[in-house]
Every structure is written in structure tokens, then in C-alpha cells.
Amino acid sequence: MKIAIFGAGSIGVYIGGSLLASGAEVVLVGRARMRQQIAREGLLLTDLSGRSMQLAAVDVPYAETAAALADADLILVTVKSADTPAAATEIAAHAKPSALIVSLQNGVGNADTLRQALPGWTILGGMVPFNVAQMAGSRFHRATGGELVIEASPALRGWETVFRAAHLPLQESDEFPSMQWGKLLLNLNNSVNALSDLPLKAELSQRAYRRCLALLIEEALPLLRAAGIRPAKIARVGPQLLPTLLRLPDALFKRLAATMLQIDPEARSSMWDDLHNGRLSEVDYLNGAIVRLAESLGREAAANRRITALIHAAEGTTLRPLSGEVLYSALAGASQKEMV
Ligand SMILES: NC(=O)C1=CN([C@@H]2O[C@H](COP(=O)(O)OP(=O)(O)OC[C@H]3O[C@@H](n4cnc5c(N)ncnc54)[C@H](OP(=O)(O)O)[C@@H]3O)[C@@H](O)[C@H]2O)C=CC1
Ligand SMILES: CC(C)(CO)C(=O)C(=O)O
């Protein structure tokens, strides 16, 4: 039972490394720079509970080409959303048709992109609720809590034990699209976090940034309702109550939403990672998904459109942090203009 991780970055290395440490047969497929880092420093996997696993470089099978997918029984796709079509092409060229393919990506369309490109393969959507922070010393730190959720399927039989042994229990969901949309609402914060240039915990501790997120979620909710989508509860409270919770004054928010702030103080969103590393972001698949949903309904999502544009403007430049107040007026201004 061999597992291939397609996309050795924060999520892929943490999950692949955890599976390896538990004795599973795993190969990581990724770029040369990650291979070189692992060759130099090995891997250290840690989590919020204090668990720590060290892997020597020789114990981490690593490939730079997708030919390594050939004998995999399970392929976990952990590339960023824009790379999914290319990943699908590589899978079609190298993987065996009996391989189970699971997308462990944010956004709501990656599993469908894989399905369209890979007819005949079994493809499941997955949701990673936790954050992984890459830290000095080749340390991959799981910086928040939560369990993996995968679209319910008989194809998962046998794999549950493998993941449980790696301290990654799988929750199966019969209502996976709801889960994905629930997660997407939380991921609307990725862009806020990236523009704040702050760690998640510091950003979410400031009401001014939480008001930005509340505005983005509040704009999305009626669109989801109109489209017949019921986003699942992923956070402390259900999606409908989130904006109210987020707008509370700091002291009250810290008391009532303590679990939402149980984040390693250094952790940042994957979109901050992208901007910081000079890569294109996933914003078109997160806030952009709300903009497209609005368009499909003949409506507008001005605040999500505005923040998508702000992220695009920041891509490839040196990040100039925006205060919560400045960002809020940009987003609220966009919404008001739309109402006039
Ligand atoms: N980071 C986090 O905490 C979380 C991330 N997620 C989601 O998980 C997914 C993965 O995110 P994350 O781990 O942060 O992403 P990363 O960018 O850290 O990792 C993806 C890696 O895959 C590499 N890659 C892309 N295409 C190929 C290819 N064809 N062959 C080999 N390697 C390839 C990328 O290289 P290159 O950069 O050179 O293209 C990159 O190193 C995203 O959808 C993200 O939104 C979900 C929850 C939390
Ligand atoms: C876990 C979370 C919500 C952290 O921001 C995330 O999904 C990301 O960084 O992409």
C-alpha cells in the first residue's frame, strides 16, 4: 500500500512525513529545493500538543518527477490550486488507473478539475482544517487543531488505519461540498492575513482585521443561500453567526472564541507564504470563487472582488502591510459603491 504525495510543500511534507514516521510506505514528489533542504537537514515534524518526530534524510524517499507516482496506490494531491491541471496531466501520464486520488487542497473546484482530466480514476475531495508552518531547521509545525475530512467512499477502506497510525484520523463526510464551502468561508481570511503581514493569531486578535473577514463572509452568505449551498460549521460557531462573533470587541472575542485563537503565534496563512515567497497566490480560488458565484447569479461581491484585486496587486512585489482600518475602508468602500 504505497502513498505518493504530489506537491511536497507545507501540507504535503507534514502529512507525508507523519505517514512515513508511522511506518507507511511513502514517496514525496516535489521540487529540487525541498529535496535539497531535506537532504541537508532531514525533517522535524511537530504539533501544538508537543508531539515531535524526527526523520533522517535517508528515511525520506523523494522524487523530482511524477514518474514516482507509477506504483502508488494512493496519491494525495497537495499542490496549490493553479497547479492542479498540470498535476492531473502528470497523474494521467504516470499513475496506475487503480490508484485512489485525493485532493487535499483548499478551494471548491480541485477535485472536479482532477475528475474532468482523469476519467476512470477514483477521485475524492479532502479538506485540511489545520495550518502547517514551515520553520527553521526543516521543521514542519502543525500550528492549529482539527482533523482531515474526506468525501465518504468505500475506496477509503483500509486507509483509515494507516492515517490513524500517523495521528491523522480521517473523518468521512457524506456532505463534502458543504464542508468545502464551510472551509472556504474561513479561507476568505487568507487574503486578509496576507495583506496584514501578521501571523494569524496577531491578525485575528485585532478587531479591525476581523471586521474585514466578517464583511467578506457576510457578502458570501446570501450568495451561497441563493445558490442552494449550505456551508458546514467548521469553526467555533456556524457560518451564520461568524460575522457577529468576529465583530465583537477584542476582549470579548478572546473570551468567547478562545479556540479560534489556539494558533501557534508564528503561523501564517498559506497565501501569506505565497506572497512572501514571490509566488502567485490562490486568491482566484478563494475570494475569487465568491466573485464568480456572484457573477453566476447575476449579482456582485464587491468586497471579495476588491480584496482579490489587492492580492493580485501585491503578487510579485515587496509586501506593504495594510492596517485593519485601511483594509476595512477599502473593502467597505467597494461594497458601498456597489449599493449606490
Ligand atoms: N499551508 C497550510 O497551512 C494549508 C494549506 N492548505 C491547502 O493545501 C494546498 C497545498 O498548500 P501548501 O502545502 O501550503 O502549498 P506549498 O506551496 O507549500 O506546496 C506545494 C508544493 O508543490 C510544488 N509543486 C507544484 N506543482 C508541482 C509539480 N507538478 N510537481 C512537483 N511539485 C509541484 C510546489 O512547488 P512550486 O512552488 O515551485 O510550484 C510547492 O513546493 C493548497 O491548496 C492550500 O490552500 C490547506 C490547509 C492549510
Ligand atoms: C488552515 C488555514 C485556514 C490557515 O489559514 C488555511 O487553510 C491556510 O492557511 O490556507
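Guide: Two strands pair if DSSP finds at least two bridges between them. Strands (E, at least two residues) and helices (H or I, at least four) are DSSP runs, numbered from the N terminus. In this predicted model, Asp-47 has Arg-142 in S10 as its bridge partner.

Visitor: In which sense do strand S3 and S10 pair?

Guide: They run in the parallel sense, with 4 bridges joining S10 to strand S3, residues 43-47.

Visitor: What is the order of the strands in that open sheet?

Guide: Read it as S4-S3-S10-S9, 4 strands with mixed pairing. Strand S4 (52-55) and S9 are the edges, each pairing on one side only. From one strand to the next, the twist averages 20°, an angle between lines fitted to C-alpha atoms, taken in N-to-C directions on a scale of 0 to 180 degrees.

Visitor: How should I read the numbering and the confidence?

Guide: Residues count from 1 along each chain as its sequence is written, while chains are lettered from A and ligands numbered from 1 in the order in which they are written. As the model is predicted, local features need pLDDT of at least 70 and side-chain atom pairs count only at pLDDT 80 or more, but totals for chains, interfaces and linings use all residues. Here the protein's mean pLDDT (the predictor's confidence in each residue, from 0 to 100) is 97, with 99% of residues at 70 or more. For the complex, the predictor gives an ipTM of 0.99 and a pTM of 0.97.

Visitor: How many residues surround ligand 1?

Guide: There are 27, and the closest are Gly-7, Gly-9, Ile-11, Gln-105 and Asn-106; to be in a shell, a residue's C-beta atom, placed from the backbone, must lie within 6 Å of the ligand. Helix H1 (10-21), helix H3 (84-94) and helix H11 (270-276) each supply at least two of the residues. By class, you'll find 9 nonpolar, 11 polar and 7 charged residues around ligand 1. Asp, Glu, Lys and Arg count as charged; Ala, Val, Leu, Ile, Met, Phe, Trp, Tyr, Cys and Pro as nonpolar; and the others, Gly among them, as polar.

Visitor: And which helix gives the most to the shell around ligand 2?

Guide: That's helix H6 (residues 176-196), with 3 residues. The shell around ligand 2 includes Asn-106, Phe-130, Thr-144, Asn-190 and Ser-270. It splits into 3 nonpolar, 7 polar and no charged residues.

Visitor: Is Ser-138 buried or exposed?

Guide: Ser-138 is buried, because 21 other C-beta atoms lie within 10 Å. The cut-offs are 20 or more for buried, 12 or fewer for exposed, and partly exposed in between. Ser-138 sits in the loop between strand S9 (132-135) and strand S10 (139-142). It isn't a glycine, yet its phi is positive, about 55°.

Visitor: Where is Asp-197?

Guide: Look in the loop between H6 and helix H7 (200-204). Asp-197 also has a positive phi, about 60°, without being a glycine. With 17 other C-beta atoms within 10 Å, Asp-197 is partly exposed.

Visitor: What separates the C-alpha atoms of Ala-155 and Ile-307?

Guide: The separation is 39 Å, and the two residues are 152 residues apart along the chain. Ala-155 lies in the loop between strand S11 (148-151) and helix H5 (159-165). It counts as partly exposed because it has 17 C-beta neighbours inside 10 Å.
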